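Please keep the model in view while reading.

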Amino acid sequence: MSKTLLLGDEAIAQAFIDAGGSAINSYPGTPSTQITEYVIKSKEAKAKGIVANWCANEKTALEASIGVAYAGKRAMTCMKHVGLNVCGDPFMNAAIIGTKGVLVVVADDPSMFSSQDEQDSRYYGHWAMIPMLEPSNQQEAYDMVFFGYELSEKLGTPILYRIPTRLAHSRAGVERRAALPQNPLSSPSDPSTFVLLPVNAKRLYRTLIDKQADFTKSSEESGFNKYIPGTDHKLGIITTGIAFNYLMENYPGGQCPYPIVKITQYPLPFNMLNKLYDECDELLVLEDGQPFVEEHIKGFLGKGKKVMGRLDETIRRDGELNAEKVAKALGMKAEQGAAVPAVVTNRPPALCQGCPHIDSYEAVIDVLKKYEQGRVFGDIGCYTLGFNMGAINTTVCMGASITMAKGAAEMGVFPSLAVIGDGTFGHSGMTGLLDCVNEKANVVVMILDNDITAMTGGQPSSANMKLFNICKGLGVDPDHIRTIVPLKKNHDEFMKILEEEIAYNGVSVIIPQRVCIVENKKRIANNKK
């Protein structure tokens with residue numbers, strides 16, 4: 001078939017459609033968002049009856065996919081690396097169950113282009129003791145989806161599928177395969193595997209341990225991991241995923257003189273690594289992320305030979321890997337790009353002109369001028385940029401604004417305000433608000449409702465336009481659930497509402513409601529068509 005120019009994300013999405021996928025359930029998170037978006041927008045997927053959903057959070061998304069697997073179908077769940085923390089419970093248990101036909105696609109973000117940390121998802125896969133796939137290019141990203149489903153169904157295990165930002169958001173030509181039909185509806189051969197009572201879980205955990213030899217055998221024999229001979233044995237190089245591309249960029253003819261073990265499938269191919277260790281004087285580990293492989297090979301290869309990488313900072317432990325860093329580690333002269341013109345200056349990210357959050361924050365800033373000890377606890381979303389306005393004091397993780405405000409209020413911080421978006425509130429803010437109600441916390445919670453999940457490109461928000469009833473249902477006094485349209489003309493009214501709710505000794509919720517300015521422009525344009 002002819003090649004199609006696709007992002008790494010899009011290659012995974014198209015492969016999901018072509019490999020007989022039946023349902024994709026995800027929560028948006030850069031750099032993984034485009035996978036699910038591609039399937040949602042695909043006419044081919046719609047024609048095949050493929051289910052494509054944005055879920056309330058990563059946990060509910062993965063649980064839905066486990067339900068798809070229970071029905072015998074192929075499922076995919078996509079998220080960014082920190083989203084794997086949110087669905088850690090079903091992820092670990094899916095491994096115990098031996099769930100078939102589920103690919104958990106996690107997009108890691110080295111250099112933290114849009115994230116709070118650089119955590120490496122391979123540690124989760126190793127912890128869960130399941131196979132992992134890490135393609136080195138877009139064609140492998142496509143092909144590995146087919147292979148992942150085959151491996152999952154053959155060995156009875158979910159698969160962790162890892163990509164970094166650079167692979168997710170770069171394009172290359174991808175050759176498609178003939179499409180496969182979807183699996184027929186079926187029931188589990190052993191229904192007890194989905195009932196994790198201790199008596200079953202103990203047996204299944206032993207089964208998972210016993211499967212490890214088969215997982216490793218596949219890594220050695222599948223063909224995705226490769227031992228590439230070299231002529232100079234002073235150094236042996238281990239690459240993982242996209243790091244192989246960065247290495248080869250330094251050898252335009254494709255002839256690296258050093259032997260290479262190219263790793264794109266886990267568990268580690270121990271036979272290949274032992275062969276490299278025996279043949280070479282020193283080893284260099286290249287991986288885009290944390291020193292996962294480096295730590296593991298130091299454990300099983302022993303201490304006789306020097307192993308270099310991120311642990312000893314031959315390559316800086318933090319930040320994204322690239323060809324220049326690889327060249328430096330190899331002692332080669334790195335190619336320098338053109339200098340940035342003086343006219344180009346750094347500009348900190350800012351809220352869009354006309355963003356409703358600006359009006360909300362201006363009211364908060366003006367009111368808190370009266371309270372020297374007042375604090376505003378922020379959250380994850382576009383509104384995090386309120387930090388540059390001096391409007392928020394913290395941002396930690398999804399949903400933390402409400403619970404941090406509660407904890408601070410209980411220690412005497414007054415006033416204690418939480419600011420959270422409608423999408424983030426639906427993701428993980430509701431339980432925090434329930435804690436506030438149960439403990440009668442003296443907090444003011446502002447839920448900025450812009451009718452969309454704006455930060456990741458405009459996906460539907462799970463809680464928007466239902467916020468009043470949700471808060472009421474969680475036990476907030478309806479008299480202290482206030483709504484306001486955040487506009488300049490309503491600034492004085494907004495301040496008055498804030499001051500009244502700060503004065504109230506209890507849980508207050510203020511809901512500023514106005515559509516995201518970017519989304520509103522899209523809707524106006526669509527209405528004109």
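## The largest pocket

Which helices each supply at least two residues of the lining of the largest pocket? In this predicted model, they are α5 (81-86) and α18. The space in this pocket amounts to about 870 Å³.

Its lining consists of 40 residues, and S114, I380, G381, T384 and M455 lie nearest the centre. Sorted by class, the lining holds 17 nonpolar, 20 polar and three charged residues.

## The open sheet

Five strands form an open sheet with parallel pairing, in the order β15-β16-β17-β19-β18. Because β15 (375-377) and β18 (481-484) each have a single partner strand, they stand at the edges, and one side of each is left without a neighbour in the sheet. From one strand to the next, the twist averages 20°.

Helix α18 (residues 422-439) lies across β16 (416-421), β17 (443-448) and β19, at about 150° to β16. Helix α20 (residues 491-503) also packs on the sheet, where it touches β16, β17, β18 and β19. The direction of α20 makes about 165° with that of β18.

## The second largest pocket

The second largest pocket contains about 450 Å³ of space. It is lined by 26 residues, with G98, K100, P188, S189 and F194 the closest to its centre.

Helices α4 (58-70), α6 (88-97) and α10 (198-210) each supply at least two lining residues, and the largest share, four residues, comes from α10. The lining comprises nine nonpolar, 11 polar and six charged residues.

Note on methods
Residues are numbered from 1 along each chain as its sequence is written. This is a predicted model: local features need pLDDT of at least 70, side-chain atom pairs count only at pLDDT 80 or more; totals for chains, interfaces and linings use all residues. Side-chain values use heavy atoms; hydrogens and water are left out. Two strands pair if DSSP finds at least two bridges between them. Axes are lines fitted to C-alpha atoms, for helices over the stretch in contact, and angles run from 0 to 180 degrees between N-to-C directions. Contact means heavy atoms within 4.5 Å. On a 1 Å grid over the protein atoms alone, a cavity is a set of points where a 1.4 Å probe fits but cannot get out, and a pocket is an open set with protein on both sides within 12 Å along at least five of seven lines; lining residues have an atom within 4 Å of a point. Grid points are joined across faces, edges and corners, and a volume is the space filled by probe spheres set on the points. Ala, Val, Leu, Ile, Met, Phe, Trp, Tyr, Cys and Pro count as nonpolar, Asp, Glu, Lys and Arg as charged, and the others, Gly among them, as polar.
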